[in-house]
Amino acid sequence: MYQLFPERPDDYWEVEALYDLCFAPGRTALSSYRLRDGVPPVMGLSHVARDSDGTLAGAIRYWPVMIDAAPALLLGPVAVHPTRQGEGLGGALIDESLARAEPQGWDRVMLVGDAPYYNRFGFTLLEGVLMPPPTNPERVLGRALIEGAWDGVTGEVLRWPD
Ligand SMILES: CC(C)(COP(=O)(O)OP(=O)(O)OC[C@H]1O[C@@H](n2cnc3c(N)ncnc32)[C@H](O)[C@@H]1OP(=O)(O)O)[C@@H](O)C(=O)NCCC(=O)NCCS
């Protein structure tokens, strides 16, 4: 069994190692990382999942971004250790962390990912929301945390201001 905990600063390098294991080499060259450079992840929403012996089994992080003047959460990276995939852990990380987002004052969340996976969590294509190139626009997905939160929100996704 596993338990979810909010990520703490001490978890940082362990989570990085899990992401290195789970993603293709060069993940930090992806354009979404340019929105994360020098911006701390959202603590309280970013989570780790640990086995009963403390072994890291999965992790999810969130960053704040701006779309024009509208703040949004950028979900990801989310990853589950290869030996633990397909057990519902990815879904649990997404559901449990997102449940905390609206109470913490966030209205909308976006990500860059596979629609066939994220559709089940209520994410749909975001038209007119432009990630830094090169990003396949069909992978830019969003979910409103309060009704209508994406209505009229379009433009370039920008790094959170300093
Ligand atoms: C994507 C990931 C986080 C899912 O975690 P998980 O714990 O295996 O997911 P769950 O057990 O909650 O869900 C498994 C289901 O998701 C499906 N799934 C997983 N990745 C998928 C994808 N990229 N596209 C479509 N479906 C996907 C599985 O086929 C399975 O489907 P089923 O329920 O119909 O059998 C995990 O596979 C992972 O770490 N992958 C490598 C890193 C990655 O790609 N992260 C996401 C970036 S977009």
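## Strand pairing

Two strands pair if DSSP finds at least two bridges between them. Helices (H or I, at least four residues) and strands (E, at least two) are DSSP runs, numbered from the N terminus. This is a predicted model, in which local features need pLDDT of at least 70, side-chain atom pairs count only at pLDDT 80 or more, and totals for chains, interfaces and linings use all residues. Residues are numbered from 1 along each chain as its sequence is written.

β3 and β4 pair in the antiparallel sense, over nine bridges. G58 has V80 in β4 as its bridge partner. Two residues lie between the strands of this hairpin, where D68 takes a positive phi near 55 degrees. β4 and β5 run parallel and are joined by two bridges, with L73 opposite V109 in β5.

A residue is buried if 20 or more other C-beta atoms, placed from the backbone, lie within 10 Å of its own. Nine of the 11 residues of β4 are buried, so β4 is largely enclosed by the rest of the structure.

Of the 16 residues around the ligand (C-beta atom, placed from the backbone, within 6 Å), Q85, G90, G91, G113 and Y117 come nearest. β4 (70-80), α3 (89-98) and α4 (115-118) each give two or more residues to this shell.

Notes:
Buried ≥ 20, exposed ≤ 12 C-beta atoms within 10 Å, placed from the backbone.
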